[in-house]
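Please read it with the structure open.

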Amino acid sequence: MGFRFGRPRRFYRGVRTRLSNYKLFTSSFALRRNTHLEDEESRHVEPDEPAGAGWNVTEPAHTQVSSPDAGMSLAHADIEQQRIGNKCALDEANALLAALFDRAPYGIVIADVDGKFIRANTAFQVMTGLSETELFNHSVESLTHQEDYLANKVLLDQLLNGERTSFEIEKRYCLNDSTIWINSFVSTIDNSKCKNRYLVAIVRDITDRKRAEREVASSQLELRSLYDRLQTIREEERIALAREVHDQLGQILSAAKIDIKLLEDDISLPNSVLSKRKISAELHSARVSLEKAIESVRRIATELRPPELDAQGLGAAIEWHSLDFERRTKIKCRVEILTGIDEPEGMIATALFRIFQEATTNVLRHAKARNVRVSLGYRGNAALLRVYDDGIGIKLTRTESARSLGIRGMHERAAALKGKVVVAAVQPRGTLVSAKIPMGKKDDGLVEGQKLTLASYAGGKM
């Protein structure tokens, strides 16, 4: 029975197996290295003929075989190069996203699920007037108007509970010294690595749009109120006209009819002998009644539209109406009409006269004035009518109120002819109504937003 020193055979068999695997591993790296060397190694060039002849290209006699350490170094270099390339691509993508985030025309803000702001781009900071550092001390709840937050919270809870993927809402932000309207599109960002969720919102400032919508709604309300007022005035005028015709004109004509009928009966009696005095008295009574009827017809027609407006022009109509206004109200009227140039005609004359009528009506109803000054002149290529009273003065809230339908009617009449009406209180007391309407296609003297001088009226000058 033989005896062997050392380890058993299976031990050496295992060593040989592991050594074979190692050689196979190193040979694979050597093969890869040799492939690169064969592509990059310069070829040997040897003379094939004597000097001056051509050259032959031959393969190298020996191929360099890399060691296992060189193969490992090459693999490590390849991995490092790929890592550097991936990092550069990632940095470039992050730079593009950062540029898109910061330069977006709309506000973009990122917050946690509790609504605390984490990031905000430049547009959002400009919109709110808060820096990014200041925004860190705020949240969605602190900026949102109290009346709008409940609707926002309901949508936000549905988003976080997975009931919707996004939502859009119009709401108000309460800032330091102002309130703005915003349109916010909100969605979530999920971070799978740390299992955090974030809210991202794209925000647009719609304050101007909301203001325009309010102005349109207000204008529509004013137009409806004005239409209703015009309908009411029309019905009131019809009722007043019917009353004038029935009560006054009807009675006068009935009296004239009775006088004539009595005279006719007396004449038709057999053997009737009427003295000239009696006949004259009957005819005189009838004539007086007819004159009253004619006067009543003239008054009604004048109230509907002064005949002087068509026959003699706007200045004469204003003068006649001022005299009649003074006679009826005992309020002194002073009228100054600029002469020497063509007066307004047609629709312009009618509009200015109606504005003048409304202004004097307001003086009678509200001003408690003792004197009224009226002037008709021109500024540039526009007719300028001014009516000033020394009453208690009109309040600013009344001039802007939708219920001031008389004032609104004056504005609408002027605006229909591309004109403008200003109603304002003057110092030390009183109210000025100024109407300016272009008379031609071009108005060099009419400037948008131009303020009319009130000091001359306050001092008693025209």
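This is a predicted model: local features need pLDDT of at least 70, side-chain atom pairs count only at pLDDT 80 or more; totals for chains, interfaces and linings use all residues.

1. The side chains of aspartate 157 and lysine 153 meet with 3.1 Å from N to O. Both residues sit in helix α6, four residues apart, so about one helical turn separates them. Aspartate 157 is partly exposed, because its relative accessibility is 31%. Lysine 153 is also partly exposed, at 35%.

2. Helix α6 takes part in another pairing. Glutamate 147 and arginine 172 form a salt bridge through their side chains, again with 3.1 Å from N to O. Here the partners come from separate elements: glutamate 147 belongs to helix α6 (residues 146-160), arginine 172 to strand β5 (residues 166-174). The pair therefore ties together parts that are 25 residues apart in sequence. Arginine 172 is buried, at 17%, because the cut-off for buried is under 20%.

3. Now look at helix α7. Arginine 211 and aspartate 208 meet there in a salt bridge, 2.8 Å from N to O. They are three residues apart in the helix, so about one helical turn lies between them. Arginine 211 has a relative accessible area of 37% and is partly exposed. Aspartate 208 is exposed, at 57%. Salt bridges with shared partners also link Glu170, Arg209, Lys210 and Glu213 into one network.

4. How many salt bridges does the structure hold? The count is twelve. As background, side chains of opposite charge can pair when their charged atoms come close.

5. The structure has zero of them. In general, a disulfide is a covalent bond between the sulfur atoms of two cysteines. Two cysteines can still be placed by their accessibility. Cysteine 174 is partly exposed, at 31%. Cysteine 333 counts as buried, at 19%, because buried means under 20%.

6. The largest nonpolar core has 34 residues. Which of them touch the most other members? They are Leu314, Ile318, Leu352, Ile355, Leu385 and Val421. Several elements supply at least two residues each to this core, among them helices α10 (314-329) and α13 (405-416) and strands β9 (371-379) and β10 (382-389). Helix α11 gives the largest share, ten residues.

7. Leucine 385 shows what such a position looks like up close. Leaving aside residues up to four places away in sequence, its contacts include Ile318, Leu352, Ile355 and Phe356.

8. Serine 184 lies in strand β6 (residues 179-191). It is buried, because its relative accessible area is 3%.

9. Tyr106, Phe185 and Ile202 make it, and it covers about 280 Å². Tyrosine 106 is in the loop between α2 (68-103) and β3 (107-112). With a relative accessible area of 44%, tyrosine 106 is partly exposed.

10. Serine 225 and arginine 408 are 183 residues apart in sequence, yet 9.6 Å apart in space, C-alpha to C-alpha. Serine 225 belongs to helix α7 (residues 207-268). It is partly exposed, at 22% relative accessibility.

11. Last, the chain as a whole. It has 462 residues, and 31% of them are buried. Its secondary structure comes to 14 helices and twelve strands. Of the contacts with a separation of 6 or more, 55% are between residues 24 or more positions apart. The chain exposes about 31,300 Å², and carbon and sulfur atoms supply 54% of that area.

Key:
Residues are numbered from 1 along each chain as its sequence is written. Side-chain values use heavy atoms; hydrogens and water are left out. A disulfide is a pair of cysteine sulfur atoms within 2.5 Å. Buried means under 20% relative accessible area, exposed over 50%, partly exposed in between (1.4 Å probe, protein chains only). Patches are made of residues with over 30% relative accessible area and no salt bridge: like charges are joined within 9 Å, nonpolar side chains (Val, Leu, Ile, Met, Phe, Trp, Tyr) within 5 Å. Accessible areas come from the Shrake-Rupley method with a 1.4 Å probe; for residues, only the protein chains shown count as cover. A salt bridge is a side-chain nitrogen of Lys or Arg within 4 Å of a carboxyl oxygen of Asp or Glu. A nonpolar core is a set of buried Ala, Val, Leu, Ile, Met, Phe, Trp, Tyr and Cys residues joined through side-chain atoms within 4.5 Å. Contact means heavy atoms within 4.5 Å.
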